[in-house]
Amino acid sequence: MSRPAGRVLTLLELLQSGGTRTVAELADRLGVEGRTVRRYVDQLIDLDVPVESVRGRYGGYRLAPGYRLPPLMLGDDEALAVLLGLVAGRRAGLTTTELTASETASAKIRRVLPKHLARRLDTLLEALAFTDRPGEFDTPDAGVLLTLADAVRHRRPVSIRYTDRDGRPSERTLHAYGIVAHAGRWYVTGRDAGIGEDRTFRLDRIADARTLPGSFEAPAGPGPAERVLSGFAAAGYRHEVTLRIHGTAEQIRARLPAGVATLEEYEPTAGRDPAAERWLRVGLRAERLDWLPPVLAALDRPFVIERPDELRHLVAALADRLASYARRS
């Protein structure tokens, strides 16, 4: 059986997890009697840990709301989960303000890890590989991120100072629907009240965010993530491409995801299984077209190029090259 000091710390961990715990529940978890639980609670109170007694049929003990415990107590699995989360977030570019915050947090946790767990973590990190390179992205300000999150939750308008990709600054009033992390960047999507249209903004380009009086109603329809991806697919680029592809939406999305292309019905599907193969119209915009022929070849589905003519020439050229390779002995 564990020593009394160890059981007191276990009691503290149980209370840390939140909610009200009955004496019977705590006694069962600690393997002691109810009066021993009360004695352990008194010891925590003597250490200035504000444990509250809750009366009534469902009463018991809980920590005072909002109290932040000085020691951060993590089990082995919890410490590993936190450190891996920090590593993955830094690798994906999904950190705030500066990478130093993530690095110093990792260092603080690693400093107090037991030696055996630190060795296991080092072994894991040495064996861990990523399929992409670390992002070199600008990170958003933590204050901006938290202000926007609060505006989303409470449906409050927010004023932002934004600099677009051409370096033009502006001040916008935004009805923010949600915050989305995509491809190593943070985005906020919502209605730009000044122009009355939905817009998506990169958080690292927002210099300041201030909550304004008033409120708004969130629209029905697609969620924030779908709105961001649809916005990417419809963004202005050099080439506008329209295709008809015969297949299922799942087959097409495997090579042309929502952030790249839009799908719409080309043939009516009344009375037909919506998951069945059929002709779908695919629209996308791109700065370059040279990546599209290999994608269409990899789809291995019948397709028709509606526009532009330049894409037809590129596909035909790829087909000729593949045929010439196949004829070589």
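This is a predicted model: local features need pLDDT of at least 70, side-chain atom pairs count only at pLDDT 80 or more; totals for chains, interfaces and linings use all residues.

Is Arg278 buried or exposed? I found Arg278 buried, because its relative accessibility is 6%; buried means under 20% relative accessible area, exposed over 50%, and partly exposed in between, with a 1.4 Å probe and protein chains only.

Residues are numbered from 1 along each chain as its sequence is written, and side-chain values use heavy atoms, with hydrogens and water left out.

**Salt bridges**

I stayed with Arg278 and looked for its partner. The side chains of Arg278 and Glu265 form a salt bridge, 3.0 Å from N to O; the term asks for a side-chain nitrogen of Lys or Arg within 4 Å of a carboxyl oxygen of Asp or Glu. This pair links distant parts of the chain, with Glu265 in strand 9 and Arg278 in strand 10, 13 residues apart. Glu265 counts as partly exposed because its relative accessibility is 40%.

By this rule I get 19 salt bridges. Among them I noted Asp290 with Arg288, at 2.5 Å from N to O. Asp290 is partly exposed at 40%, and Arg288 counts as exposed at 53% relative accessibility.

Next came Arg312 and Asp309, whose closest N and O atoms are 2.1 Å apart. They sit 3 residues apart in helix 11, so about one helical turn separates them. Arg312 is partly exposed, with a relative accessible area of 33%. I also wrote down a network of salt bridges linking Glu171, Asp208 and Arg210.

**The sheet**

I then traced an open sheet of 4 strands in the order 9-10-8-11, with antiparallel pairing. Two strands pair if DSSP finds at least two bridges between them; helices (H or I, at least four residues) and strands (E, at least two) are DSSP runs numbered from the N terminus. The edges are strand 9 (261–265) and strand 11 (303–307), each pairing on one side only. From one strand to the next, the twist averages 25 degrees.

Strand 8 (residues 239–247) pairs with strand 11 over 4 bridges in the antiparallel sense. I checked Arg244 and found its bridge partner in strand 11 to be Val304. Helix 11 (residues 309–327) packs on the sheet, touching strand 8 and strand 11. The direction of helix 11 makes about 140 degrees with that of strand 11; axes are lines fitted to C-alpha atoms, for helices over the stretch in contact, and angles run from 0 to 180 degrees between N-to-C directions.

**Helices on helix 3**

How does helix 2 lie relative to helix 3, and what is the angle? Helix 2 (residues 23–30) packs on helix 3 (residues 34–46) at about 95 degrees, with their axes 9 Å apart. That makes the two helices roughly perpendicular, a label for angles of 65 to 115 degrees. On helix 2 the contact (heavy atoms within 4.5 Å) is made by Val23, Leu26, Ala27 and Leu30, and on helix 3 by Gly34, Val37, Arg38 and Tyr40.

Helix 1 (residues 4–16) crosses helix 3 at roughly 80 degrees, the axes coming within 10 Å. Helix 1 is therefore roughly perpendicular to helix 3. Contact residues include Leu11 and Leu12 of helix 1 and Val41 and Leu44 of helix 3.

How values were computed:
Angles under 35 degrees count as roughly parallel, over 145 as roughly antiparallel, 65 to 115 as roughly perpendicular and the rest as oblique.
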